[in-house]
Amino acid sequence: MAFDASEHYQPCDAEGPVFREPWEARAFGLTIKLYESGAFTWPEWTDALGAEISRAKERGEVDLGDNYYYYWLRALEFLVVDKGFETISSIDSRVQIWRKAYLATRHGCPVELDAGLDLLPTSHG
């Protein structure tokens, strides 16, 4: 029988799943889907998350309860790079595209990634 991580580790309260921000739910869901697809094992995941939390403590970060999914995301990025699915530079590039698209979007309008692509420097060569 396969281990169903989403059933056992989904943060919940009496009203259901709890996430402070939509990106936290997306990071959680992506992690579960990657695990279920065999991209990594659950022990690999827990080791990566535990290591990230330990590094945060070593850096002296104070956890007021709102950092957990930042650590979660960093651990997920580590595994995705470690397993060869992505590179640090491709992740950084996507972050920049999103950031530029966000800055190019009027308040109240949906962010469109094309706006971020238009602002990236072009390389010639």
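**Salt bridges, a buried residue and a pocket**

Tutor: A salt bridge here is a side-chain nitrogen of Lys or Arg within 4 Å of a carboxyl oxygen of Asp or Glu. This is a predicted model, where local features need pLDDT of at least 70, side-chain atom pairs count only at pLDDT 80 or more, and totals for chains, interfaces and linings use all residues. Residues are numbered from 1 along each chain as its sequence is written, and side-chain values use heavy atoms, with hydrogens and water left out.

Student: Is E86 buried, partly exposed or exposed?
Tutor: Buried means under 20% relative accessible area, exposed over 50%, and partly exposed in between (1.4 Å probe, protein chains only). E86 has a relative accessible area of 22%, so E86 is partly exposed.

Student: How many salt bridges does the structure hold?
Tutor: For the structure, the count is eight.

Student: Which residues are linked with E52 in a network of salt bridges?
Tutor: E52 forms a salt bridge with R55, the closest N and O atoms being 3.0 Å apart. The side chain of E52 also meets that of R59 in a salt bridge, at 3.1 Å from N to O. The network links E52 with R55, R59, E61 and R74.

Student: Why does E52 count as buried, and what is R55?
Tutor: Both residues lie in helix α3, three residues apart, about one turn of the helix. E52 counts as buried because its relative accessible area is 5%. R55 has 33% relative accessibility, so R55 counts as partly exposed.

Student: What pattern does the protein follow along the sequence?
Tutor: Helices (H or I, at least four residues) and strands (E, at least two) are DSSP runs, numbered from the N terminus. There are six helices and two strands. Read along the sequence, the pattern is α-β-β-α-α-α-α-α.

Student: Where is F40 found, and is F40 buried or exposed?
Tutor: F40 is in the loop between α2 and α3 (42–58). Its relative accessible area is 4%, so F40 is buried.

Student: Which residues is F40 in contact with, leaving aside neighbours within four places in sequence?
Tutor: Contact means heavy atoms within 4.5 Å. With those neighbours left aside, the contacts of F40 are T31, L34, Y35, W45, L76, L79 and K83.

Student: What is the volume of the largest pocket?
Tutor: On a 1 Å grid over the protein atoms alone, a pocket is an open set of points where a 1.4 Å probe fits, with protein on both sides within 12 Å along at least five of seven lines; lining residues have an atom within 4 Å of a point. Grid points are joined across faces, edges and corners, and a volume is the space filled by probe spheres set on the points. For the largest pocket, the volume is about 890 Å³.

Student: Which residues are closest to the centre of that pocket, and which element gives the most to its lining?
Tutor: Of the 17 lining residues, the closest to the centre are W23, L73, E77, V95 and W98. Elements that give two or more residues are α2 (22–36), α4 (68–82) and α5 (88–103). With six residues, the element that gives the most is α4.
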